[in-house]
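Q: I'd like to talk through this model before I use it. Start wherever you like, and I'll follow up as we go.

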Amino acid sequence: MLQRFSSRLARCEEIAAAALAAAVTCFILTNIAFRALGSPLYWISELAIYSMIWMTFLIAGAVFKRRQGIAVTLLSDLLPQTGRKLIGLWVDAIVLLFALLLVWLCWRWYQPLELAQAGFDTRAFQGHTFNFIYAENTSTLGVKKFWAWLIVPWFALSLSLHGWANLIQSLNQWRTPTQEPTAKT
């Protein structure tokens with residue numbers, strides 16, 4: 001069930017990233033047209049930047065799920081099948097550890113419990129925690145930046161799920177007996 005959910009989430013992330021890639025293209029072309037007409041829309045540039053950031057984080061989660069990231073396989077190519085499985089297991093564990101650390105850092109960054117204790121009053125929250133995450137606005141869009149930054153906690157949770165699913169898959173493969181290729185004479 002975890003594998004299916006992780007795969008479906010990765011597929012949704014791919015679709016959302018593709019939609020954002022199309023949106024970035026449209027934003028840039030629109031901005032070019034308005035600049036050519038002598039009336040640039042500055043907020044479109046910022047929107048394109050945030051769309052590109054979201055697209056990158058979304059597709060990164062799907063790439064990790066599918067194990068399609070860039071890898072240096074010099075060492076693992078020299079090892080027997082058991083060694084390759086062990087390295088794959090180690091990589092999946094490190095990815096999961098990184099994802100869980102990122103979840104913890106995002107929790108400390110956003111401090112949702114402290115915000116709730118302050119009655120969702122951002123000024124009281126800031127005075128109590130000296131955390132101004134909820135106060136800063138974007139340059140031209142006029143939106144609070146924490147909305148744009150929500151992609152980081154999303155990525156952390158998504159990567160945790162994908163990392164957990166991949167680790168379980170690696171553990172299941174570890175239990176499966178391996179057959180070394182036999183040398184042909």
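**Working through the model**

Q: Which backbone atom lies 2.9 Å from a polar atom of the E46 side chain?
A: The backbone nitrogen of S139 lies at that distance, 2.9 Å, from a polar atom of the side chain of E46; a polar contact here is a pair of N or O atoms within 3.5 Å, one able to donate a hydrogen and the other to accept it, and residues adjacent in sequence count only if both atoms are side-chain atoms. This is a predicted model, in which local features need pLDDT of at least 70 and side-chain atom pairs count only at pLDDT 80 or more, while totals for chains, interfaces and linings use all residues. Residues are numbered from 1 along each chain as its sequence is written, and side-chain values use heavy atoms, with hydrogens and water left out.

Q: Where does E46 sit, and what is its nearest side chain of opposite charge?
A: E46 lies in helix α2, helices being DSSP runs of H or I with at least four residues, numbered from the N terminus.

Q: What does K145 pair with, then?
A: K145 forms a salt bridge with E136, the closest N and O atoms being 3.0 Å apart; the term means a side-chain nitrogen of Lys or Arg within 4 Å of a carboxyl oxygen of Asp or Glu. K145 counts as buried, at 16% relative accessibility, whereas E136, at 38%, counts as partly exposed.

Q: How many salt bridges are there in the whole structure?
A: A search of the whole structure finds 4. One of them joins the side chains of R11 and E14, N to O, at 3.2 Å, and both residues lie in helix α1 (residues 2-36), 3 residues apart, which is about one turn of the helix. R11 is partly exposed, with a relative accessible area of 46%.

Q: Which residues does D92 tie together with, and why does that matter for the sequence separation?
A: D92 forms a salt bridge with R67, with 2.9 Å between the closest N and O atoms. Because D92 lies in helix α4 and R67 in the loop between α2 and α3, the pair ties together parts that are 25 residues apart in sequence. D92 is buried at 7% relative accessibility, while R67 is partly exposed at 38%.

Q: Changing topic: what is the volume of the largest pocket, and which residues are closest to its centre?
A: The volume of the largest pocket is about 740 Å³. Of its 25 lining residues, R67, A71, I87, G88 and V91 are the closest to the centre. A pocket is an open set of points on a 1 Å grid over the protein atoms alone, where a 1.4 Å probe fits and protein lies on both sides within 12 Å along at least five of seven lines, and lining residues have an atom within 4 Å of a point. The volume is the space filled by probe spheres set on the points, which are joined across faces, edges and corners.

Q: Which helices supply its lining?
A: For the largest pocket, α2 (42-66), α3 (74-78), α4 (81-110) and α8 (151-175) each supply at least two lining residues, and the largest share, 9 residues, comes from α4. The lining divides into 12 nonpolar, 9 polar and 4 charged residues, where Ala, Val, Leu, Ile, Met, Phe, Trp, Tyr, Cys and Pro count as nonpolar, Asp, Glu, Lys and Arg as charged, and the others, Gly among them, as polar.

Q: And what lines the second largest pocket?
A: That pocket, with a volume of about 180 Å³, is lined by residues including V103, W107, Y110, L150 and W154.

Q: Last one: where is Q111 found, and what is its phi?
A: Q111 is found in the loop between α4 and α5 (112-117), and its phi is near 45°, a positive value in a residue other than glycine. Q111 is buried, at 18% relative accessible area. F130, in the loop between α6 (122-129) and α7 (145-149), has a positive phi of about 60° although it is not a glycine, and F130 counts as exposed at 65% relative accessibility.

Definitions and conventions: Buried means under 20% relative accessible area, exposed over 50%, partly exposed in between (1.4 Å probe, protein chains only).
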